[in-house]
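Here are my notes on the model, for someone opening it for the first time. Please read them with the structure in view.

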Amino acid sequence: MSCDVVVVGGGISGMYMAETLMRMKNESNVCLFEKDSRFGGRNYDFRFSQAPNIAISLGAWRVDKQHKKVMDLVRRFNISVSELGHINWALREARGFYATSPQSLKEQAYPALSSGPFGNMTVSEMFAYLWTNMTIKKNT
């Protein structure tokens, strides 16, 4: 096997990179390597033998139609999609607790987050804080 360019990882990013290099005619001999027996990365539906007609999403399962670039990739890669319709997240569950809002779920399922640096933060503020600190640590 001979490759001018090797892309490691057959998830959506790897497939996009390999396809873009060939589509833009920057490279003609691109090899895409994936450790699993299928491409797609976290985009993965699984069917249990006990319920073969029901696909269970085991990864990135929701892409909003507003994500124009992702929807373009879906079309170009001929990836089948299913319309979920409107999802009402009226009830959330974590650690056996059920709540009607992210804030009440935080308080019930993760009481340690109700004190210390996260005590007065909403769930959205906590995610923003964590994302910012993860990004800063990766860049330093």
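1. Burial. Of the 140 residues of the protein, 19% count as buried. Keep in mind that this is a predicted model. The protein exposes about 11,200 Å². Carbon and sulfur atoms supply 57% of that area.

2. Layout. The protein has four helices and six strands. Read from the N terminus, the order of elements is β-α-β-β-β-α-β-β-α-α. Take the contacts with a separation of 6 or more: residues 24 or more positions apart account for 31% of them.

3. Helix H2, the buried side. Which residues of helix H2 are buried? Met-71, Leu-73 and Val-74 are buried in this helix, which spans residues 68-76. They lie on the same side of H2, because they cover an arc of only 155° around the axis. What do they pack against? The buried residues of H2 pack against helix H1, residues 12-23.

4. Asn-78 follows H2. The phi of Asn-78 is positive, near 55°.

5. One of its members, Val-6, sits in strand S1, which covers residues 5-8. Is Val-6 buried, partly exposed or exposed? Its relative accessibility is 45%, so Val-6 counts as partly exposed. The limits that matter here are under 20% for buried and over 50% for exposed.

6. Lys-106. This residue deserves a separate look. Lys-106 belongs to helix H3, residues 102-109. Lys-106 is buried, yet has no salt bridge. Where is the nearest side chain of opposite charge? That side chain is Glu-107, and it is 6.6 Å away. A salt bridge would need a side-chain nitrogen of Lys or Arg within 4 Å of a carboxyl oxygen of Asp or Glu.

7. What surrounds Lys-106. Leave aside the neighbours within four places in sequence. Lys-106 is then in contact with Pro-111, Leu-113, Ser-114 and Phe-118, among others. The list also includes Gly-119, Met-121, Val-123 and Met-126.

Definitions and conventions: Residues numbered from 1 in each chain as written. Predicted model: local features only at pLDDT ≥ 70, side-chain atom pairs only at ≥ 80, totals over all residues. Heavy atoms only, no water. Helix = DSSP H or I, 4+ residues; strand = E, 2+ residues; numbered from the N terminus. Buried < 20%, exposed > 50% of the residue type's maximum accessible area, 1.4 Å probe, protein only. Arc of directions from axis to C-beta. Contact = heavy atoms within 4.5 Å. Areas by Shrake-Rupley, 256 points an atom, 1.4 Å probe, with all protein chains shown as cover. Lys, Arg positive; Asp, Glu negative; His and termini not counted.
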